[in-house]
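Subject: Handover of a structure and notes on its features

Dear colleague,

Please find the structure below, together with its sequence. I would be grateful if you would read the notes after it with the coordinates open.

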Amino acid sequence: MLPAAAVFHFPWEINSVQEGESVRTFGRLVCYQPEDSRATLSAQHASTQHQVVIQTSFVEPFDAIVGAQYIVLGEIEHAEGCGVTVRARVLNCVDGVNLALLQKAISEQRSFLKERERKETDGPLPADPT
């Protein structure tokens with residue numbers, strides 16, 4: 001059975017996601033520990049730096065470029081000692097991506113999906129009698 005489709009979450013939202021849920025997120029690689037199969041992505045929101053710990057055992061061997069931008073797809077796990085981690089299924093280097101545009105695209109996608117869900121729950125519109 002395939003895992004559920006992943007929803008994009010900003011790095012500052014990862015702590016609010018339930019364990020086992022599939023997520024997509026992004027950040028700059030600031031640390032990679034191959035002996036522990038662990039990487040740390042970082043992203044800034046307002047004046048706060050947010051970090052996301054990534055478990056990389058499913059995507060190794062992996063040619064880490066510290067300082068590059070990455071997008072990760074995986075599942076949320078709660079690990080002792082480091083809190084919430086993402087067990088990566090896909091880890092792509094996307095260095096050069098326009099982060100402001102990516103964040104805007106994520107927000108637009110959320111608005112579209114919310115509107116579509118609202119229309120589906122309202123039911124079909126009645127047919128025009130004319």
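This is a predicted model: local features need pLDDT of at least 70, side-chain atom pairs count only at pLDDT 80 or more; totals for chains, interfaces and linings use all residues.

Helix α1 covers residues 99–122, which makes 24 residues. From its first C-alpha to its last it reaches 35 Å, close to the 34 Å expected at 1.5 Å a residue. At its start, a side-chain oxygen of Asn-98 comes to within 3.2 Å of the backbone nitrogen of Ala-100.

The nonpolar cores

The largest nonpolar core has 18 residues. Within this core, Ile-14, Ile-54, Tyr-70, Val-72, Ile-76 and Val-86 touch the most other members. Two or more residues each come from β2 (22–33), β3 (38–45), β4 (48–55), β5 (69–79) and β6 (83–93). Strand β6 gives the most, with four residues.

A second, separate core has five residues, including Phe-8, Phe-10, Leu-102 and Ile-106. In soluble globular proteins, nonpolar side chains tend to be buried together.

Leaving aside residues up to four places away in sequence, Val-72 touches Val-23, Arg-24, Thr-25, Leu-41, Ile-54, Val-86, Ala-88, Val-90 and Leu-91.

The largest pocket

Which residues line the largest pocket? They are Ala-6, Val-7, Phe-8, Arg-24, Ile-106, Gln-109, Arg-110 and Leu-113. The volume of this pocket is about 160 Å³. The elements that give two or more residues to its lining are β1 (7–8) and α1. Helix α1 gives the most, with four residues. An α-helix has 3.6 residues a turn, so residues three or four places apart point the same way.

Buried polar residues in the strands

Ser-42 has its place in strand β3. Its relative accessible area is 7%, so Ser-42 falls under the 20% limit and counts as buried. The side chain of Ser-42 makes a polar contact of 2.5 Å with the side chain of Gln-49. Apart from residues up to four places away in sequence, Ser-42 touches Gly-27, Arg-28, Val-30, Gln-49, His-50 and Gln-51.

Thr-85, found in strand β6, is likewise buried, at 5% relative accessibility. With residues up to four places away in sequence again not counted, Thr-85 touches Val-53, Glu-75, Ile-76, Glu-77 and Ala-79.

Gln-33 lies in strand β2 and counts as partly exposed, at 26% relative accessibility. The C-alpha atoms of Gln-33 and Glu-115 are separated by 42 Å, and these two residues are 82 residues apart along the chain.

Backbone features in the loops

Most residues other than glycine have a negative phi, and most peptide bonds are trans. Ser-37, however, has a positive phi of about 50° although it is not a glycine. Ser-37 is found in the loop between β2 and β3 and counts as buried, at 13% relative accessibility.

The bond from Glu-60 to Pro-61 is cis, with omega near 0°. Pro-61 is found in the loop between β4 and β5.

With kind regards

Methods: Residues are numbered from 1 along each chain as its sequence is written. Side-chain values use heavy atoms; hydrogens and water are left out. The expected span of a helix is 1.5 Å times one less than its number of residues. A polar contact is a pair of N or O atoms within 3.5 Å; within protein, one must be able to donate a hydrogen and the other to accept it, and residues adjacent in sequence count only if both atoms are side-chain atoms. A nonpolar core is a set of buried Ala, Val, Leu, Ile, Met, Phe, Trp, Tyr and Cys residues joined through side-chain atoms within 4.5 Å. Buried means under 20% relative accessible area, exposed over 50%, partly exposed in between (1.4 Å probe, protein chains only). Contact means heavy atoms within 4.5 Å. On a 1 Å grid over the protein atoms alone, a cavity is a set of points where a 1.4 Å probe fits but cannot get out, and a pocket is an open set with protein on both sides within 12 Å along at least five of seven lines; lining residues have an atom within 4 Å of a point. Grid points are joined across faces, edges and corners, and a volume is the space filled by probe spheres set on the points.
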